[in-house]
4 protein chains.
Amino acid sequence: MADRKTLKIGLIGTGFMGQAHALGYATAEKVFDMPYGLSLHRVADVTEEAAARAAHRYGFAGWTTDWRDLLADPEIDVIDITAPNALHKEMALAAIAAGKHVYCEKPLAPLSADAREMAQAAKAASVVTQVGFNYLCNPMMTLAKQMIEAGELGEIRSYRGIHAEDYMTDASAPHSFRTDPVGGGVLADLGSHALATAEYLLGPITGVMGDCVTAINSRPRRDGSPAPVEIDDVSRAFLRFDNGASGSIEANWIATGRKMQHDFEVHGSKGALIFSQERFNELHFYSTEEAPGRRGFRKIEAGPEHDPYGMFCVAPGHQLGFNDLKAIEIAGYVGAIGGQHPEPFGFDAGTRIQMLVETILASSAAAAWKTI
Amino acid sequence: MADRKTLKIGLIGTGFMGQAHALGYATAEKVFDMPYGLSLHRVADVTEEAAARAAHRYGFAGWTTDWRDLLADPEIDVIDITAPNALHKEMALAAIAAGKHVYCEKPLAPLSADAREMAQAAKAASVVTQVGFNYLCNPMMTLAKQMIEAGELGEIRSYRGIHAEDYMTDASAPHSFRTDPVGGGVLADLGSHALATAEYLLGPITGVMGDCVTAINSRPRRDGSPAPVEIDDVSRAFLRFDNGASGSIEANWIATGRKMQHDFEVHGSKGALIFSQERFNELHFYSTEEAPGRRGFRKIEAGPEHDPYGMFCVAPGHQLGFNDLKAIEIAGYVGAIGGQHPEPFGFDAGTRIQMLVETILASSAAAAWKTI
Amino acid sequence: MADRKTLKIGLIGTGFMGQAHALGYATAEKVFDMPYGLSLHRVADVTEEAAARAAHRYGFAGWTTDWRDLLADPEIDVIDITAPNALHKEMALAAIAAGKHVYCEKPLAPLSADAREMAQAAKAASVVTQVGFNYLCNPMMTLAKQMIEAGELGEIRSYRGIHAEDYMTDASAPHSFRTDPVGGGVLADLGSHALATAEYLLGPITGVMGDCVTAINSRPRRDGSPAPVEIDDVSRAFLRFDNGASGSIEANWIATGRKMQHDFEVHGSKGALIFSQERFNELHFYSTEEAPGRRGFRKIEAGPEHDPYGMFCVAPGHQLGFNDLKAIEIAGYVGAIGGQHPEPFGFDAGTRIQMLVETILASSAAAAWKTI
Amino acid sequence: MADRKTLKIGLIGTGFMGQAHALGYATAEKVFDMPYGLSLHRVADVTEEAAARAAHRYGFAGWTTDWRDLLADPEIDVIDITAPNALHKEMALAAIAAGKHVYCEKPLAPLSADAREMAQAAKAASVVTQVGFNYLCNPMMTLAKQMIEAGELGEIRSYRGIHAEDYMTDASAPHSFRTDPVGGGVLADLGSHALATAEYLLGPITGVMGDCVTAINSRPRRDGSPAPVEIDDVSRAFLRFDNGASGSIEANWIATGRKMQHDFEVHGSKGALIFSQERFNELHFYSTEEAPGRRGFRKIEAGPEHDPYGMFCVAPGHQLGFNDLKAIEIAGYVGAIGGQHPEPFGFDAGTRIQMLVETILASSAAAAWKTI
């Protein structure tokens, strides 16, 4: 251990995701056996107050109000971008140009063309990348994938995925980046998670038919005047998968009462799985191999048998929290930097999600199926 | 009460639904205040054994192996058809021609053109009709409709309906009427329920985009030889409602593990409802009018406040069963015969469902939206 | 079938349970293959209006306002008592003296000494008896018993039973038979169900330690004046079973929000069961024989594999209702009258429950364990 | 912030709880505004390997194999004890003698007399103490307490608490400290949590009647020979509270299938709460103030309205994990050290829990109620 190199992190942004990342580094360091140690080197935010406060609070050695300082810092190995979406591209390309590994919150960029440019730049520069699709880091999600791949469900036939929340239910909520015609909308914001989960579990999507709906046609500007809204509040898609299965997703940010309905249900010839992020330490499994009269969906509770739960807790039933998922994401990324395995969800994967989002939007606009 | 007329029933068919109807008559008679008494007059089935057994068991005064005998019987007021789907049209038209009221199990007919002909004949003959969409008779479903209409959810914005079961999961299950190219398929069999519930709650559907998928391409004939299968095993549709909401339904009979997932979720500007037929004595209600920090989906359990639960049981929590829903359906039908209210779900309504099914199938085949 | 004798029923009482019994006879007749047919012969209630109305509604051939008329009627085979608890003894003894079989709602009598006298009289007269503990007639409860007896849970170690409702939560609810010092109280009313279920599943209770608590010390009389209340609102008991297991029950009628929490959880060396009457078409089963990482409580949904569900419905997931449980109870009783099997829950069993109730009350008063 | 003092931590023990504490410090530091910074100064474990590994992994500046070194270290402010239960007393008294604040995992000591001695020593030395009852640190538990105290449930009448797991189900699991006659048994191990929660929510317990049962009478020694077992596998108690309510708890470590059933249900005159640690980001609330026909248990999901959830995550529905509860516990302790509020759960509280445990055991042995 003595000789283990330490990766120095430069974090951009100190909001919700900035904090989640800072916590994730601290936890990953303590929980996982990673090929590198982690050092919170410097943090950047737009105001001195925010940057200094975050440095102090999260234990960064230094701070700056100019994110470009991080790129110029030769000690920094990884640039972590949790700044507003519109800045992801510029920041990431600059970081790549500086030879840094880049960890970027989702979405990689509002437009897939930009995302693709970022992915290509990363590849050309041989830096290791990660996009923050943390729901995939849940041990129960991993279990689901393993069960599907091991054939425990038999041949996969149908899939239903949802990501529904209600933070845009209030029609008086102001216009923001979320409702920006470029990169905004629920499909980009939440549907991207539903799509990532669908491909994580079943493999590539090959065809889509979209239905992207604006339910609230006007939202107030900051000055109170009404702004017409064109982006999607509810988006649905029919899906075809390369494995022959069909499915659907729904993304909905006006799903009153729902706080985290990132759910899926998948049916195979021999079994089925039901999952809800609302109770994400559980996975419900049905097997036709049980005796007649004894069949039913089994509530499997997360425990040490479900990697890497056991790194957090040696006893079952104690439960991981959302911030723990970030630690798992980070450990996976650090493992990829160390060459232990491919990028778990790199810029290529992030680009693909953006492409899927755009294809579904285009399909909806054209009212026609699109091939991926 | 002394002068209350008695409706004499002639029942055709004594299988699953035949029994459910026979039980329904007996229970309705004892539970509800109806404008007519009910008398189980004669029952018809194709064999002497079945017909005699049913007459004895269910208390019919007589039986026959020729269903036409029921039409010729001047004492019979209502013909109740639970025979195979393919016979519904012939039987219903003959019953209407004989001036009988007609109660027909779903689907009204395999083709909507036939259903329409039946509905028009009934109208011309001024007989009262009913199609068996029993899930709509659940007091919690009625409550949901009342809450929506009373504005308890505010403006309705999105809807998600499902009817999934798993009785066709086994690819070795033999070819049958269910997989017949005419009138077969999951959209007709289960999707019809999902569509009926959607319109019951939200009102007319105005546009559909279908995705009807054959997942099991071959099933054995009775002699064991493989028969190609063309009908749909999983069908999905995007929906537009006249009230401005968008939505979706899924019908799935290969949903391994699901026995009765007739579910819906509906989101309004002020509240939401979640329902599952798997626990059909409950309705889950979220209201934004609760205090912050105290909001959540409320599990309303069926009780005497939810008509007509109280006719079955004076105390809450005791629960209705499936056969009770049939009694409610029958009471509604008898009320319509007595002129107390319009047909709850007559041949016009049954025709509309068939039309919706066919339009979704056509939309899927054309890969294009269809207007209703 | 032609020669099958018909049992003629004389029903006393036409309230909640009177209706449930009337429905139960009608359904049992149509659903089960019983050794006798059933005929609703005469019904008695205290007013002409109630008696005539019930006769008309439920299909009794005649009615009376004097329940003794039923005993004098030589055609009547079975006297069914759903009158107020305080009258059970007098009615049952008279019916037994008249040589009738007797079906009595619970409790058999407010005092176990009276119940015992009734049981002995029935035995001496060789009539067949039944006490209405309908929750035991649920196919999922039967399944639980079968699984325990078949050793699917291994050695049984601990048990937790509850029957909690909230109909006495309101302290302004008037004094009634429920709060009568003789035979009143929650342990008699609801605890009797919890005790019946405990013994049904695990066999004889051999020791009890009670804790019977009056939570609301005064309730209004009908004239509004306060009456002191001495009976129990919440009663708990520790239990020892003959099979070596220990357990507990709680009876609670001030359990705000609970409408039908008749629940149990039983743990064995190899498995466990969880049940709630709130969702009584489900039984949750855990087996240590599942593979590690795949274990969990399985939600078994009632279906045709679980006798006698299939008599009501050939497809799983449709669900039985409360009134269906009464039909099952009646079918079991009629089978006992026909000599097919012992009394499912006769006066001896009813006496035992009353004795358990009294022993727990005595234990609580003495603050000491009591042996059964 | 610049002048904020840093508390230096000396941690004894690096197992399950050692890691949970180390993670808790790191997270608390980043999430909360505490009156002190935290520095992981030195860690002690019995082997060099364990101590060095923990120091490296969790970021302690130094390590030792002699826990007394930590006491001798003048820089250390807080001694954190996660060593085996039997050592708690010796370590804590020594730490107190050295003038350190002491944070001790539960149980404070196997015997309440020892615990009391520790509490008195701490008081005499004016050091601040904490015992690790982390379930109380859950925001939903805090919410429950607040709702009860604010009268949202009305007058509290009955309580039911459970802590059941299944880690001792296997009779071949070896004899260990858990089954030691001194301080062992399920009531001490799990019942202590159930008791802590009961008093946290309802206030002081004033009377108990225990039922402590050995279900597995023999367990193998490490050499395989059978050792008789005398401690309790299932313990139940009736409770009386100072507020007038009655209740019960059950502790069970042979509850096959249960991983974390730390549950409670509390009924008041106006409302009720249901909670399960199995889904500890939820609290279910019933209010009689809802409109008739609209009442039901509401699933409140943890969100920023429920302090201190918002410190971890600005959006609802993301969920805290078990290790986050430790961070909350630590923040509360540090606040007490800083004089911001009383000890949340100090040695006095820990002593009381031990006393309750011993009183229940004594009550069970005497088969008699005991006054607290």
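## Basis and confidence

Residues are numbered from 1 along each chain as its sequence is written, and chains are lettered from A and ligands numbered from 1 in the order in which they are written. In this predicted model, local features need pLDDT of at least 70, side-chain atom pairs count only at pLDDT 80 or more, and totals for chains, interfaces and linings use all residues, while side-chain values use heavy atoms, with hydrogens and water left out.

Chain A has a mean pLDDT of 96, and 99% of its residues reach 70 or more; pLDDT is the predictor's confidence in each residue, from 0 to 100. The model scores are ipTM 0.96 and pTM 0.97.

## Overall form of chain A

Ten helices and 17 strands make up the secondary-structure elements listed for chain A. These are DSSP runs, numbered from the N terminus: helices are H or I with at least four residues, and strands are E with at least two. The radius of gyration of chain A is 21 Å, close to the 21 Å that the globule rule gives for 372 residues, so the chain is as compact as a globular protein of that length. The radius is taken over C-alpha atoms, and the rule is 2.2 Å times the number of residues to the power 0.38.

Of the 372 residues of chain A, 66% are buried. Buried denotes under 20% relative accessible area, exposed over 50%, and partly exposed in between (1.4 Å probe, protein chains only).

## Helix 2 of chain D

Helix 2 of chain D (residues 48-58) has as its buried residues Ala51(D), Ala54(D), Ala55(D), Arg57(D) and Tyr58(D). These residues pack against helix 1 (16-31) and helix 8 (309-312) of chain A, and also against helix 1 (16-31), strand 2 (37-44) and strand 3 (62-64) of chain D. Contact means heavy atoms within 4.5 Å. Just after this helix, Gly59(D) takes a positive phi of about 85°.

## Backbone exceptions

Most residues other than glycine have a negative phi, and most peptide bonds are trans. The bond from Lys106(A) to Pro107(A) is cis, with omega near -5°, and Pro107(A) lies in the loop between strand 5 (101-105) and helix 5 (112-125) of chain A. In chain D, a cis peptide bond joins Lys106(D) and Pro107(D), with omega about -10°.

Ser126(B), although not a glycine, has a positive phi of about 55°. Ser126(B) sits in the loop between helix 5 (112-125) and strand 6 (129-132) of chain B and is exposed, with a relative accessible area of 60%.
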